[in-house]
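Student: Please give me a close look at a single part of this model. I would like one connected account, with the cut-offs stated.

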2 protein chains.
Amino acid sequence: MATSPGRRDEKDLIDRTAIPQACAACGVRSLTVCAPLEDAALAAVDAIASRHTFEAGQNIFDEGEPSQHLFNVTKGTIKIYKLLADGRRQVTGFLFAGDFLGLASDSAYAYSAETVTETKVCRFRRGQLDELLQRYPQMERRLLVIAGHELAEAQEQMLLLGRKTAKERIASFLLVLSRRAKTAGRSEDPVYVPMSRTDIADYLGLTTETVSRTFTKLKTEGLIQLKPGNLVALSDREALAEIAETA
Amino acid sequence: MATSPGRRDEKDLIDRTAIPQACAACGVRSLTVCAPLEDAALAAVDAIASRHTFEAGQNIFDEGEPSQHLFNVTKGTIKIYKLLADGRRQVTGFLFAGDFLGLASDSAYAYSAETVTETKVCRFRRGQLDELLQRYPQMERRLLVIAGHELAEAQEQMLLLGRKTAKERIASFLLVLSRRAKTAGRSEDPVYVPMSRTDIADYLGLTTETVSRTFTKLKTEGLIQLKPGNLVALSDREALAEIAETA
DNA sequence: CAAGCGCTTTGATCTGTGTCAAAAGCTGCT
DNA sequence: AGCAGCTTTTGACACAGATCAAAGCGCTTG
């Protein structure tokens, strides 16, 4: 069971216990691409989906691999990232329950994906999903809406990476995490921040040290509190928002 | 006719001369969302499209405005950008002939759009286009593919903004411009670079001065040549590629 | 419950890029 | 041709954040 983090675990177990419940009992359906589906369509999705569980720190796929599968995250946190040849990494996104993984879908994955925490996904073979999308246009339309949101998010992130200071980046990051937690029905105020300082740094275009120092500074200024269990309390949300939107 | 650059020109003229030719004669159709349409569908598109011409430096729409229109660029160059309250700007993309404008489509535009050169577009009312998309699923599918490509591009840009040096950014920028020119059937080697140093800086997360210095350095090292007419010759494409992909 | 190990925090110093300033080129106008 | 108003280039200096280094803190494990 000692899979080294980051390596593929070929025997990521099919989660037999989850299958009986399937889509009908899916707790995050309203957040996903499956949201607009009526019963027949949902049954069809159910038929082609397989459920999988990954431990924390496992590779799901790598940039450049043929993109055979697409995923719906039903539990946990995933990071997606790109690498430069010398090892510099850019985390381009974090995915949570309800998010769709595999959108930028050419024949090959445009990025690597790795779990941050224990994660459950719903997996589809690309060809089978494509077929379903043709059969149920509302699903395709939903995917287009999702793609639009991701595009808007990506642009927001470009603004952050290209033009914001370290403090602004951290404030923005915490607020976005908090908002997403809220829409997903999780705690928005003590925000759960499951990813490491390194992951945050690679997401915000900073170094671990700068991330740590900036957290400390925000704490000292009374804007946040670092609580045990990777929780961050946003003590002064207004001030954070002001910093995030410009300073 | 002296519209100050960046302001909306309410009388951006409907280009009457273009209408008779319309979609059937569209030189960039194979690049656009209209590529997969058969005759009937194309006629339907034709019926809801209006053609417009913008001079260089004109505003097309602003971030936050209700997104009533979507566009197909048929000629020229457009930049899209986001602003922070204190004026810092991030250009999140440049659009050329064949590109679709308005994808990240919620009810409001997620960014502002402004022409860089004289530009011609094909404009659709959002509601009418949506209707067409429902009628012609291959068009919606095409849009999804386009969105996927834009997403992949956005992630590449995040990698650039978060992790590349100034020199790597400029090299990457020139190569991407060159590749896009090629696929659009324009000159790939002396690349046409119509945007100002300021626009490039705001796209690459740098300052004008750094962009200028870096161009000079690449020129000194013999990797590029700056030619009149905003043309840049990529004298040593291999070296540029090596710098761009990592250094 | 001590030891080991990875992650985070803190400290000291360095550097790539930003900032401020001015000179050099272009372009259009008179 | 010559000036006005730009954009671009070049120069000198400053600083936010990177780098290098070491100490602190939890976990896990035996």
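**The surface near DNA strand D**

Tutor: Five nonpolar, eight polar and four charged residues make up the surface near DNA strand D; Ala, Val, Leu, Ile, Met, Phe, Trp, Tyr, Cys and Pro count as nonpolar, Asp, Glu, Lys and Arg as charged, and the others, Gly among them, as polar. This is a predicted model, in which local features need pLDDT of at least 70 and side-chain atom pairs count only at pLDDT 80 or more, while totals for chains, interfaces and linings use all residues. Residues are numbered from 1 along each chain as its sequence is written, and chains are lettered from A and ligands numbered from 1 in the order in which they are written.

DNA strand D is surrounded by 17 residues, where near requires a C-beta atom, placed from the backbone, within 6 Å. The closest are Thr165(A) and Thr210(A) from chain A, with Arg197(B), Ser212(B) and Thr216(B) from chain B. At least two residues each come from helix H6 (208-220) of chain A, and from helix H5 (197-204) and helix H6 (208-220) of chain B; helices (H or I, at least four residues) and strands (E, at least two) are DSSP runs, numbered from the N terminus. H6(B) gives the most, with six residues.

The two chains also touch one another: 34 residues of chain B are in contact with 34 residues of chain A, contact meaning C-beta atoms, placed from the backbone, within 7 Å. On the chain B side, strand E5 (89-96) and helix H3 (137-163) each supply at least two residues. H3(B) provides the largest share, 18 residues. That side divides into 16 nonpolar, nine polar and nine charged residues.
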